[in-house]
Amino acid sequence: MNSLTDTSRRPTDWQGAEMQKRIAGRYAAERRFKAMGIVAIALSAGFLAFLLVVMVGNGFRGFAQTELPVVIDFPAVTSGASPSQFEGPNAEANLQVMGLRDIVDSSIEIQYGQDGTDLFSPGGWTAVSAEILNDPDIVERKATVYLPVVSEIDVAYKDEGTAGAEEQVRRLGDQLSTGFNWNFLSNSDATDPMQVGIWGAFKGSLITMIVTLMLAFPVGVLAALYLEEYAPKNRLTDLIEVSINNLAAVPSIIFGLLGLAVFLNFFGMPRSGALVGGLTLALMTMPVIVISGRNAVKSVPPSIREAALGIGASPLQVVFHHVLPLALPGILTGTIIGMARALGETAPLLMIGMRAFIATPPSGITDPATVLPVQIFLWSDEVDRGFVEKTSAAIIVLLLFLLVMNALAIYLRNRFETRW
Amino acid sequence: MNEDQKILEPSESVTMTDSAPTGITNESGTPKMTARNVDVFYGDKQAINDVSIDVNMDAVTAFIGPSGCGKSTFLRCMNRMNDTIPIARVTGEIKLEGEDIYASRMDVVQLRARVGMVFQKPNPFPKSIYDNIAYGPRIHGLATGKEDLDEIVESSLQRAGLWGEVKDRLQDSGTALSGGQQQRLCIARAIAVDPEVILMDEPCSALDPIATAKIEELIHELRGKYAIVIVTHNMQQAARVSQKTAFFHLGTLVEYGETTDIFTNPREEKTRDYITGRYG
């Protein structure tokens, strides 16, 4: 009783100087922490903004091309081609017979002199064939088509080029104009920067990602479910858990070597194909999905499992009717992270031959293909200055791809999210 | 009394009891569930020591006892929910209508449909009210069609006294209901698979007094249709809802008998101490 009424303890002086100093110190600490947080946010936002400005600034030029007008008097040079030739299934064959390249070259020489063809991108004449297929009636009249100039002039016109090219730009003056580079969206890799396109690499990435997802998602989810819901807790499962965690941390180049050794050398799958690329990336993505999947499954409240078991659901029904739907948002989050990493991965794909020069888009999983990040890597390595802006443009395409993929995944996640 | 009585000699670890718990048998016909010499181990630790008890169809049986006395553990043995705990081991014999529920040919899934369970914390599925009820009949194939299922859902909700409150919003999420409604939903969910026994593990401990009263009223109404076993911390509740009471202490069944006898005239000193609030 005495201890409760004991007055020997000094009453706390809440208003005293020492206490005030304490309070001031506490407030200062809070302010410091807040300031540091703001600095951290500003720094990361700044880096991101810098990256975007540089990439978008450079990249947009990649979507544009410098053009010169060429007047082609089709009735005169084609000796009476009729529009009907360029319609229907035989259109492309007839175009080839026509010798369009020579027609275009001669038209250029008439207009720009003997060396006129040097001004134009070597593959530029293909734009004319596209135009004819688009509008066959063009062959009955005199038409003006805009053809891309040679890469040096393109660079000089947009930015700063070699002395010779700058001279040409001055000479041509107003004749030069800028147009949208449709080729960039529909072509594949080429040696001439004016003719390169992203379509092949984009399609390669798409197919590779589909292969990766088809393999890594079901295997990862099933592994996660089994490990969490069925597997006994013993040495072996501990070992498996450690192995999977380590697998997620293995440098990607090593997965490339693994893919090379196993898929190419042992199983003899076709080199450079999206199949091998997808398989290799799936090996890399799977551990990420397993780990996030296990965490998601673990976070499903045990009361739901009990509720289902309590009315006589079998363990399998508990997993597929209750645990998996509730864990799905978490699993999808892990899948987004894994797939985003796989989409941006370059190193392992170099090992399995996806760095080859591939000028035709893949039409299946076994066709030689390349992917966006590898294409970026290859272009950034090119000597020709025309490739600089193409590299940036490819980066924009890659980032957009990533953005769309993530948006889709977030949409799916929100759809499956259960509100409690 | 029959020969079952002989099995119920007090184990040596129970020092304070000098006579066997009595009244384990059912005076009115065969018991729904019988347990004989049940021991439960969690690893090396023994949680239940030699418990034998009969559960009747026409009576609500309450398990009371201080925290950690094993009453919930024993309840969870009765529909094998303890199977989900890898280190749990059950010996002895528990029978549902003469069938050993721990026999290898007993299907656990079917057993849990026949012996339903209501948990301490209301745990509706994060689905619609309708789907919460319909889930059990669906997985067990109890309904022949959509109308049949609707009928089961309505009658289950009606029996649980929830129909009037939710009939206009069957598609709302079950988790959007209040705590007491959720618990009645869980009872309706258990009823929907037409069980023979309903085990309730402290069904009111997370509820306010009004919701508790509704659940207790519901238990009264369900009596006779199902054999009901309820675990409770609340002795008044045991006195209100049950006809039979079993007092557990330190993993043993100390006393089992008519609720009125247990509360007014307990045979064991331990029971009297607990009921009068001397410990627990």
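## Conventions

Residues are numbered from 1 along each chain as its sequence is written, while chains are lettered from A and ligands numbered from 1 in the order in which they are written. Since this is a predicted model, local features need pLDDT of at least 70 and side-chain atom pairs count only at pLDDT 80 or more, whereas totals for chains, interfaces and linings use all residues.

## Domains of chain A

Chain A is divided into domain 1 (20-62), domain 2 (63-180) and domain 3 (199-416), with bounds that come from an automatic or database domain assignment. The C-alpha centres of domain 1 and domain 3 of chain A lie 32 Å apart, and 6 residues of domain 1 are in contact with 7 residues of domain 3, where contact means that the C-beta atoms of two residues, placed from the backbone, lie within 7 Å. On the domain 1 side, the touching residues divide into 2 nonpolar, 3 polar and 1 charged; here Ala, Val, Leu, Ile, Met, Phe, Trp, Tyr, Cys and Pro count as nonpolar, Asp, Glu, Lys and Arg as charged, and the others, Gly among them, as polar.

## A sheet in chain A

Chain A holds an open sheet of 3 strands in the order β2-β1-β3, with antiparallel pairing; strands (E, at least two residues) and helices (H or I, at least four residues) are DSSP runs, numbered from the N terminus, and two strands pair if DSSP finds at least two bridges between them. The edge strands, each pairing on one side only, are β2 (142-148) and β3 (177-180) of chain A.

Strand β1 (residues 64-73) of chain A is joined to β3(A) by 4 bridges, and these two strands run antiparallel. Within this part of the sheet, E67(A) has S177(A) in β3(A) as its bridge partner.

## Where chain B touches chain A

Between the chains, 21 residues of chain B are in contact with 16 residues of chain A. On the chain B side, the elements that give two or more residues are α3 (108-114), β6 (115-118), α4 (129-140) and α7 (179-192), and the largest share, 4 residues, comes from α3(B). The residues of this side divide into 11 nonpolar, 7 polar and 3 charged.

## A residue in a loop of chain B

A103(B) is found in the loop between β5 (99-100) and α3 of chain B. This residue counts as exposed because it has 9 C-beta neighbours inside 10 Å, and a residue is exposed if 12 or fewer other C-beta atoms, placed from the backbone, lie within 10 Å of its own, buried if 20 or more do, and partly exposed in between. A103(B) and K167(B) are 64 residues apart in sequence and, C-alpha to C-alpha, 42 Å apart in space.
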